[in-house]
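Keep the structure open while you read.

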Amino acid sequence: MRKLAVAGAALAIVALGHAGAAEEAGRFTWDHEGYARLPDAATAARESGRRLLLGLSGSPT
Amino acid sequence: MLDAKEVREAARPFARILVRVPEAYALLVPYEAVRPGLLVLDADGRRVAALPLVEGPKGSPDAVAVARFLRDAVSAPAMERITLKVVPPAAAGTSSLVAALAGIPGVEKAEAGKDGLSVVARAGALSPTVVSDLAKQAGAGVEFVEPVPVAFSPGKSTDALKAARALAGSAGTWYASDDDGGLRAWVTALLLDPRRLEEAAGCPSDLEVRRYDLPSVSTGPSGMRISPAVRAVPGVLGVVPSLASESLAVIGRRERVRWPDVLAALQAAGVQAREGERR
């Protein structure tokens with residue numbers, strides 16, 4: 001049973017290696033964090049022709 | 001819900017930034033956004049769209065609705081939000097100026113409030129020169145509050161035209177010009193970064209940044225009071241709180257801001273501040 005679990009984990013790692021870890025893990029990811037980083041993020045967005053998507057957190061932490 | 005596959009795919013074309021409280025407070029009222037929620041801006045800080053992620057009368061948006069919002073926001077028009085201070089306040093020509101601005105194609109809203117004039121227009125519909133000319137014709141003096149006008153002092157070796165082009169190409173700059181008024185740029189307050197602007201122009205600006213250490217900034221209701229209190233100090237143009245470094249960068253007009261007043265404003269807002277790095 002334990003060997004099967006280990007094999008399953010190894011397969012999952014192989015899958016992650018194939019297509020972006022965050023994407024495969026099914027998590028929404030943020031490129032930057034913090035209001036103070038906005039000018040940097042805007043510069044990166046401008047250089048790559050993108051817009052800024054700001055997530056305004058409802059959590060104090 | 002953000003982890004849903006369709007949302008992740010729809011968010012991929014954006015530069016994604018997570019802003020937590022109290023840093024997020026500065027974005028709520030000026031950008032008509034709420035938290036928790038999403039706000040889309042173009043790379044120059046113009047507002048595109050906002051979506052609340054709170055429970056409303058129709059429930060909270062589901063993954064399909066969020067994905068649709070994001071797909072629409074990729075190409076929706078970015079709107080410039082111009083704020084003007086009328087000098088002197090309530091000048092006779094104010095209503096004529098509002099009417100003249102409202103008549104320009106691409107201007108969606110122009111109205112006078114107690115703090116000045118507020119204009120919402122499609123990106124590129126208005127330039128600072130057009131606004132100033134209209135104000136002159138209407139007999140009203142105006143000062144730009146947003147976007148923030150920044151003046152530069154080109155040296156003898158500065159190629160002013162090249163500098164204006166470089167400024168126009170940097171993030172946050174709505175307009176840049178090299179005319180009779182000298183080398184100037186109009187920059188969204190949210191993205192005001194004097195160091196970056198001066199690098200682009202290759203010469204000094206009329207801005208100054210001072211940093212304040214605020215060990216208590218990260219939590220508590222004082223976070224909400226800080227930005228408005230500091231912004232109310234004459235000459236202050238931008239306030240950039242940093243949760244990560246527990247500090248506040250204050251951007252002011254070099255010749256105009258009285259820095260002891262900034263410290264006093266912070267203390268009046270209930271925070272114990274200490275002046276940090278100067279630049």
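**Pockets and a buried serine**

The lining of the second largest pocket comprises 11 nonpolar, two polar and 10 charged residues. The model is predicted. The volume of this second largest pocket is about 430 Å³.

**Second largest pocket**
- The pocket is lined by 23 residues.
- Closest to its centre are A:Ala36, A:Arg37, A:Pro39, B:Arg211 and B:Val240.
- Chain A supplies at least two lining residues from α3 (38–47).
- In chain B, α7 (194–201), β11 (207–213), β12 and β13 (247–253) each supply at least two.
- α7(B) gives the largest share of the lining, three residues.

**Largest pocket**
- The largest pocket holds about 1,600 Å³ of space.
- Its lining counts 49 residues, and the closest to the centre are B:Thr83, B:Val145, B:Glu146, B:Ala189 and B:Arg231.
- Elements of chain B that give two or more residues to this lining include α2 (25–28), β4 (79–87), β5 (107–113) and β6 (116–122).
- Also among them are β7 (141–146), β8 (148–151), α8 (222–231) and β12 (236–242) of chain B.
- By class, the lining of the largest pocket has 27 nonpolar, eight polar and 14 charged residues.

**B:Ser242**
- B:Ser242 sits in strand β12 of chain B.
- B:Ser242 has a relative accessible area of 10%, so it counts as buried, the cut-off being under 20%.
- Beyond its neighbours within four places in sequence, B:Ser242 contacts A:Ala36, B:Glu23 and B:Ser247.
- One of these partners, A:Ala36, is also listed among the residues closest to the centre of the second largest pocket.

Note on methods: Residues are numbered from 1 along each chain as its sequence is written. Chains are lettered from A and ligands numbered from 1 in the order in which they are written. This is a predicted model: local features need pLDDT of at least 70, side-chain atom pairs count only at pLDDT 80 or more; totals for chains, interfaces and linings use all residues. Side-chain values use heavy atoms; hydrogens and water are left out. On a 1 Å grid over the protein atoms alone, a cavity is a set of points where a 1.4 Å probe fits but cannot get out, and a pocket is an open set with protein on both sides within 12 Å along at least five of seven lines; lining residues have an atom within 4 Å of a point. Grid points are joined across faces, edges and corners, and a volume is the space filled by probe spheres set on the points. Helices (H or I, at least four residues) and strands (E, at least two) are DSSP runs, numbered from the N terminus. Ala, Val, Leu, Ile, Met, Phe, Trp, Tyr, Cys and Pro count as nonpolar, Asp, Glu, Lys and Arg as charged, and the others, Gly among them, as polar. Buried means under 20% relative accessible area, exposed over 50%, partly exposed in between (1.4 Å probe, protein chains only). Contact means heavy atoms within 4.5 Å.
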